[in-house]
Amino acid sequence: MNLFDVYPINDVTIVKAKGSYVWDDKGEQYLDLYGGHAVISIGHTHPHWVKRMEEQLEKIAFYSNSVKIPLQTELAQKLGKISGKEDYQLFLCNSGAEANENALKLASFHNGRKKIIAFSKSFHGRTSLAVAATDNKNYVAPVNETSNVIFLPFNDEQALEDCFKENGKKISSVIIEGIQGVGGINVASENFLRKIRILCDEYGAVYIADSVQCGYGRSGKFFSHDFAGVNADIYTMAKGMGNGFPVAGIIVSPIFKPKHFILGTTFGGNHLACAAALAVLEVIEEEKLMGNAVMVGKYLKDELENILQLKNIRGRGLMIGFDVPEELKDLRKNLLWNQKIFTGEAKPNVIRLLPSLALKKRDAEQFVDAITEEIQNLVSVENTVNQ
Ligand SMILES: Cc1ncc(COP(=O)(O)O)c(C=O)c1O
């Protein structure tokens, strides 16, 4: 049997990882500023994470949600404390798409409405409702098409207000990433998020903060939506939550009253997943990783600002993006193959940095030197061609 070939892959086989570094099967070392799509939050194979997982494996890895799982309660308490949302309630699942799917469904159960507002360049996942709220036609199969999703321009307060005026009490929820990831690192303005809060309150709609990529401390605050100083009704989480072990969830405000069977999952919240998620929170707290994300992120952004050829440096904490001009289109590839540094991309011309929140300043310095060198090389090749 062959693999179903749906991913464009780099010709490299990673066999070992530690902190912000990975090694291939030939022993070559790479600096990982991508974290496999923002997943590695506390660093690869962190010793505390490994120990907690190993200890849990020796006891029990899985049982379903038909029995008490005290680790879930422990996780909910810890998450409430670190996120500052202690009165919220936690529902655990397995992936970002599933988290958003559950959030959109819960909103609709709650207010009995059908319409969802989503924004240009949004990405919310691949399952039916999540992909319907994703602004990329290539991911939407005919069966996912629905007239229930209204797309509006990102950060456009007037368009949002007009839409609410027109559709009033038909709007079930508004779903927004605090910082768009796949869309190219676009930060939602604080005023825009506040406007969403005001309009949702006025019309009885649910504000869903997709924090799958921008959450879990990556921005320097636990949820990047928190910069606006208002609470969302539901936060969705995945990626950094398990540092590579698949675990996801939603936290929902006290306005939602639970009812048996409205949500459910076989694997979600299993013992091993909870151990991974707890280990991540313990390390974020113990090693003050949100502070580190602010500090190293600021250093990176400031240094990148000084590189003339790079445009529109943006993002928060350790979620950074910048535009690469056409003549430097090989930059990301050259960083990987010449400098052995993984970075992320967003179409058509954005480089995304999504490293571990434990990235050290000296690793950031290595990246700045490497990108400066690669840009110089590309510029001198371009000059030679043009002579
Ligand atoms: C903002 C956002 N939401 C949802 C998802 C979907 O997450 P998953 O791939 O775990 O289903 C992603 C994945 O990239 C994402 O970036």
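Colleague: How many Å separate the centres of domain 1 and domain 2?

Modeller: Keep in mind that this is a predicted model. The centres of domain 1 and domain 2 are 27 Å apart, taken over C-alpha atoms. Domain 1 covers 60-286, and domain 2 covers 288-344.

Colleague: How many residues of domain 1 are in contact with domain 2?

Modeller: The count is 14 in domain 1, in contact with 13 residues of domain 2. The side of domain 1 that touches domain 2 has 7 nonpolar, 5 polar and 2 charged residues.

Colleague: Now the ligand. Which residues are the closest?

Modeller: G96, A97, G125, V212 and Q213 are the closest, out of 15 residues that surround the ligand. By class, the shell holds 5 nonpolar, 8 polar and 2 charged residues.

Colleague: Which helix gives the most to the shell around the ligand?

Modeller: Helix α4, residues 96-111, with 3 residues.

Colleague: Is α4 largely enclosed or exposed?

Modeller: Count the buried residues. In α4, 12 of the 16 residues are buried, so the helix is largely enclosed by the rest of the structure. Among them are G96 and A97, both also listed with the closest residues to the ligand. The buried set also includes the charged residues E98 and E101, as well as N100, N102 and H110.

Colleague: What comes just after α4?

Modeller: G112, with a positive phi of about 70°.

Colleague: Which residues other than glycine have a positive phi?

Modeller: Two cases to look at. A38 has a positive phi of about 65° although it is not a glycine. N312 has a phi near 55°, again positive in a residue other than glycine.

Colleague: Where do A38 and N312 lie?

Modeller: A38 lies in helix α1, residues 35-38. N312 is in strand β13, residues 311-316.

Colleague: Are they buried or exposed?

Modeller: Apply the neighbour count. A38 is buried, because 25 other C-beta atoms lie within 10 Å. N312 counts as exposed, because the count inside 10 Å is 10 C-beta neighbours.

Colleague: Now strands. Why would side chains point to two faces?

Modeller: In a regular strand, side chains alternate between the two faces of the sheet. Take β10, residues 206-210. V206, I208 and D210 point one way from β10, while Y207 and A209 point the other way.

Colleague: How many residues of β10 are buried?

Modeller: 5 of its 5 residues are buried. That holds for the residues pointing either way.

Colleague: Which strands pair with β10?

Modeller: Read the bridges. Strand β7, residues 171-177, pairs with β10 in the parallel sense over 5 bridges. Strand β11, residues 234-237, runs parallel to β10 and is joined to it by 3 bridges.

Colleague: Which residues of α11 are buried, and what covers them?

Modeller: D363, A364, F367, I371, E374 and I375 are buried. The cover includes β3 (29-32), α9 (289-305), α10 (331-337) and β15 (341-342).

Colleague: Which strand holds F342, and is F342 buried or exposed?

Modeller: F342 is in strand β15. F342 is buried, because 22 other C-beta atoms lie within 10 Å.

Colleague: Which residues does F342 touch?

Modeller: Leave aside residues up to four places away in sequence. F342 then touches Y30, D32, L33, Y34 and L336. Look at L33: it is 309 residues from F342 along the chain, yet their C-alpha atoms are separated by 5.5 Å.

Colleague: One last feature. Which peptide bond is cis?

Modeller: Look at omega. The bond from K347 to P348 is cis, with omega near 0°. P348 is found in the loop between β16 (344-346) and β17 (350-353).

Terms used: Residues are numbered from 1 along each chain as its sequence is written. This is a predicted model: local features need pLDDT of at least 70, side-chain atom pairs count only at pLDDT 80 or more; totals for chains, interfaces and linings use all residues. Domain bounds come from an automatic or database domain assignment. Two residues are in contact if their C-beta atoms, placed from the backbone, lie within 7 Å. A residue is near a molecule or strand if its C-beta atom, placed from the backbone, lies within 6 Å of it. Helices (H or I, at least four residues) and strands (E, at least two) are DSSP runs, numbered from the N terminus. A residue is buried if 20 or more other C-beta atoms lie within 10 Å of its own, exposed if 12 or fewer, and partly exposed in between; C-beta atoms are placed from the backbone. Two strands pair if DSSP finds at least two bridges between them.
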